[in-house]
Structures are given as C-alpha cells and as structure tokens.
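Here is a short note to read beside the model. Please keep the sequence at hand while going through the points.

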Amino acid sequence: MPDEEPGVALWRDLSNEAAAGQLNLDPIVAKSVHDACEAFIEELSRLRQTARNQYVLTGYGDLPSAAALAGKFERKAVGGVDALVTRYEQNIAVVKLIQETVSHSISRIVDEDRDLAGALPSVEGPR
C-alpha cells in the first residue's frame, strides 16, 4: 500500500513474517506485549471518543474571529486535515498490527507444543 504510514508498513511486514513462521518471539514476552497492546487499544479508543465529542465547541463568544477559532479547534479534533481522531485511529491500527504480530507467534508456539506433545511416545513410569 503506497499511502501507508511507515509504522503501519513495518508492522504489516512483521506480521506477515510472524504468520509465515519467520519471526520468533519468546512466548512470555509475546503474551506481555499482547496484553499491553490490548490495554493501549482500550485507552486510545477512549481518547478517540473524547476527541469525537469535541466536534461542537462553545464559549468562544459572538465575534466572527471567535467563531473562526472555534471552527479551527473543532476541525483539529474531528474531520480536518491531521485531525486528532484520525491520529488516534492510525495509532490504533498500528497497535492492532503489533498485537496481530505477537498473536501469530503465540499461536504458532502453542501449535508446535501441541504437536510435540502428541508426538511423544507414552512413557511408563518405573515398576
């Protein structure tokens, strides 16, 4: 995707490598990163909603310059070029890709452990 932010492109590539088994992460680290991503996504989503609530600002007065200033701040929060809501959405997308990347690693390790456990012969204890 040519218009992707560099962070999105990097984590998309890493996610693809993890899905293909080319990127190995320590399972404990991967789980910690996955959980941290979940918490961060929740926080970014909360902040995004707060920014969305700023689409109508009041209290600037009746002067034309006050209305212009309020409009500028409203566009900065929602809908304008480089709006805060857009930035939150971009960051959420990157964090989701990070989470997806570590999820691939966790899934692969769990699958490998299951396969290895199934391949072990039955072991009988001493008699």
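1. The model is predicted: local features need pLDDT of at least 70, side-chain atom pairs count only at pLDDT 80 or more, and totals for chains, interfaces and linings use all residues. Residues are numbered from 1 along each chain as its sequence is written, and side-chain values use heavy atoms, with hydrogens and water left out.

2. Searching the whole structure gives one aromatic pair (ring centres of Phe, Tyr or Trp, the latter by its six-membered ring, within 6.5 Å; planes under 30 degrees apart are stacked, over 60 edge-to-face, the rest tilted). The ring centres of Tyr-60 and Phe-73 are 6.2 Å apart and the planes stand at 40°, so the pair is tilted. Tyr-60 sits in the loop between helix 2 (27-52) and helix 3, and Phe-73, 13 residues away, is in helix 3. Helices are DSSP runs (H or I, at least four residues), numbered from the N terminus.

3. Is Tyr-60 buried or partly exposed? Tyr-60 is partly exposed, because its relative accessibility is 33% (buried is under 20%, exposed over 50%, partly exposed in between, with a 1.4 Å probe and protein chains only). Phe-73 is partly exposed at 39%, and Leu-69 is partly exposed at 37%. Leu-69 belongs to helix 3 (residues 64-77).

4. Tyr-88 is in helix 4 (residues 84-119) and is buried, with a relative accessible area of 17%. Leaving out residues up to four places away in sequence, Tyr-88 touches Leu-44, Leu-47, Arg-48 and Ala-51 (contact: heavy atoms within 4.5 Å). From Tyr-88 to Ala-119 there are 31 residues in sequence and 46 Å in space, C-alpha to C-alpha.

5. Tyr-60, Leu-69 and Phe-73 together form a nonpolar surface patch with about 250 Å² of accessible area (Shrake-Rupley method, 1.4 Å probe, only the protein chains shown counting as cover for residues). Patch residues have over 30% relative accessible area and no salt bridge; like charges are joined within 9 Å, and nonpolar side chains (Val, Leu, Ile, Met, Phe, Trp, Tyr) within 5 Å. A salt bridge is a side-chain nitrogen of Lys or Arg within 4 Å of a carboxyl oxygen of Asp or Glu.

Conventions: Helices (H or I, at least four residues) and strands (E, at least two) are DSSP runs, numbered from the N terminus.
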